[in-house]
Amino acid sequence: MKRIRIFDTTLRDGEQAPGASLHPEQKIVIARQLAQLGVDVIEPGFPISSPGDFTAVQQISREVHGVEICGFARAVKEDIDSAIRATQDAERRRLHMFLSSSNIHLDFQLKKSREQVIQIARSMVAHAKQYVDRIEFSPMDATRTGDEFLFEMIEAVIEEGATIINIPDTVGYALPEEYGAMFTRVMKGVRGSGQVEFSAHCHNDLGLAVANSLAAIRAGVTQVEVTVNGVGERAGNCSLEELVMAIETRKEALGAETGIRPEHIYSVSQKVSRSMSFPIAFNKPIVGRNAFQHEAGIHQDGLLKNRNTYEIMDPEKLGVPRSMIILGKHSGRHAIKHRVSQFGVQLNEEQMESLYVKFKELADRDKVVHDAQLLELVGHTVNVV
Ligand code: KIV
Ligand code: ZN
């Protein structure tokens with residue numbers, strides 16, 4: 001099994017989601033939970049961006065143990081120096097530097113030639129290398145950059161001492177087979193690629209962030225960058241819980257595993273959602289309210305006989321509370337009978353039929369029938385019959 005390192009950027013890229021910013025104290029609490037969850041790397045913020053972010057990165061570096069801490073920086077001396085200072089007390093640390101590589105970014109944002117950009121990349125990696133050994137370099141907007149320039153940039157930063165090459169799909173544009181093939185070409189064609197680690201970083205603009213990250217794993221990357229609940233700019237980043245559970249559930253097919261402890265997934269997800277005031281969609285895989293709820297009568301019947309009939313993961317292993325069978329208008333007699341029996345009520349056939357009719361009327365009106373309502377109906381039924 002290939003061990004995939006989970007790089008969590010909830011507190012940096014995730015926090016870039018509109019309205020999701022966090023105070024340093026909130027970041028520290030989340031960073032502790034991420035370490036407990038078993039992520040390999042935490043990117044806690046962008047130290048140059050504000051005094052609060054600097055403090056958060058510095059305190060997390062000092063107080064959160066057993067995980068590598070990553071300082072984030074543009075390919076600019078002040079950014080790099082600030083990230084180096086903020087992370088200097090970490091047990092293990094790295095610097096993550098990024099610089100755009102696509103024509104559209106060079107022409108309109110940086111307003112620099114390719115030669116100038118290569119020169120900046122070289123000199124900034126060399127500058128950082130004096131202070132930090134582990135340097136991650138990201139050519140921003142890589143998936144809209146032609147191979148020739150992408151290879152040139154990656155070769156240049158490897159020569160200067162970069163040790164991890166992260167190739168981001170910054171605008172969520174790539175298709176899975178394209179993204180995987182790009183890594184295959186880079187690993188084969190870039191001089192020095194054998195001496196570095198490769199990393200995937202995907203955005204979800206087309207809903208492909210998890211699929212693209214899995215394609216990158218198949219192509220040979222050993223690190224994937226993710227955020228809890230998939231929070232991040234626009235449609236967000238590759239979701240930690242979705243990627244990890246895809247790997248965990250399809251381990252054999254992928255030949256890969258992570259060091260994540262799934263039993264903490266739900267509590268971290270809830271913590272991030274509440275701290276960022278960022279609600280989780282009901283149908284969000286793994287952590288959404290409906291992810292393990294079953295309303296259709298046929299499904300409920302199957303589940304009561306064997307949970308594997310309609311569930312591919314055990315929610316309890318993710319820390320998700322049980323009792324997720326929702327009773328509503330699609331529920332059948334079997335599920336209703338089972339639920340009332342959980343309260344110690346045994347109904348004869350006639351009572352069950354009477355309850356069933358009343359239940360359906362209520363479900364048509366209220367959509368979901370809660371346990372208290374069900375028990376009230378049982379009370380009427382038993383009295384009436
Ligand atoms: O999406 C992106 O390109 C990033 C990097 C700068 C890694 O977040
Ligand atoms: Zn990003």
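The briefing below is grouped by topic.

This is a predicted model, in which local features need pLDDT of at least 70, side-chain atom pairs count only at pLDDT 80 or more, and totals for chains, interfaces and linings use all residues. Residues are numbered from 1 along each chain as its sequence is written, while chains are lettered from A and ligands numbered from 1 in the order in which they are written.

**Annotated domain**
- An unreviewed UniProt entry annotates residues 4-266 as "domain: Pyruvate carboxyltransferase"; such annotations may be inferred rather than shown by experiment.
- Across residues 4-266 the chain is 44% helix and 17% strand; helices (H or I, at least four residues) and strands (E, at least two) are DSSP runs, numbered from the N terminus.

**Nonpolar cores**
- A nonpolar core is a set of buried Ala, Val, Leu, Ile, Met, Phe, Trp, Tyr and Cys residues joined through C-beta atoms within 7 Å.
- A residue is buried if 20 or more other C-beta atoms, placed from the backbone, lie within 10 Å of its own.
- The largest core comprises 96 residues, and I42 and V224 are among those with the most contacts inside it.
- Helix α8 (residues 209-219) contributes the most to this core, with seven residues.
- Apart from this core lies another of ten residues, including L355 and F359.

**Ligand surroundings and strands**
- Among the residues surrounding ligand 1 are D13, P168 and H201, each near it by the criterion of a C-beta atom, placed from the backbone, within 6 Å.
- Strands β6 (135-140) and β7 (164-169) each supply at least two residues of this shell.
- β7 and β8 pair in the parallel sense over six bridges, where pairing requires at least two DSSP bridges.
- P168 stands opposite H201 in β8.
- Five of the six residues of β8 (residues 197-202) are buried.

How values were computed: A residue is buried if 20 or more other C-beta atoms lie within 10 Å of its own, exposed if 12 or fewer, and partly exposed in between; C-beta atoms are placed from the backbone.
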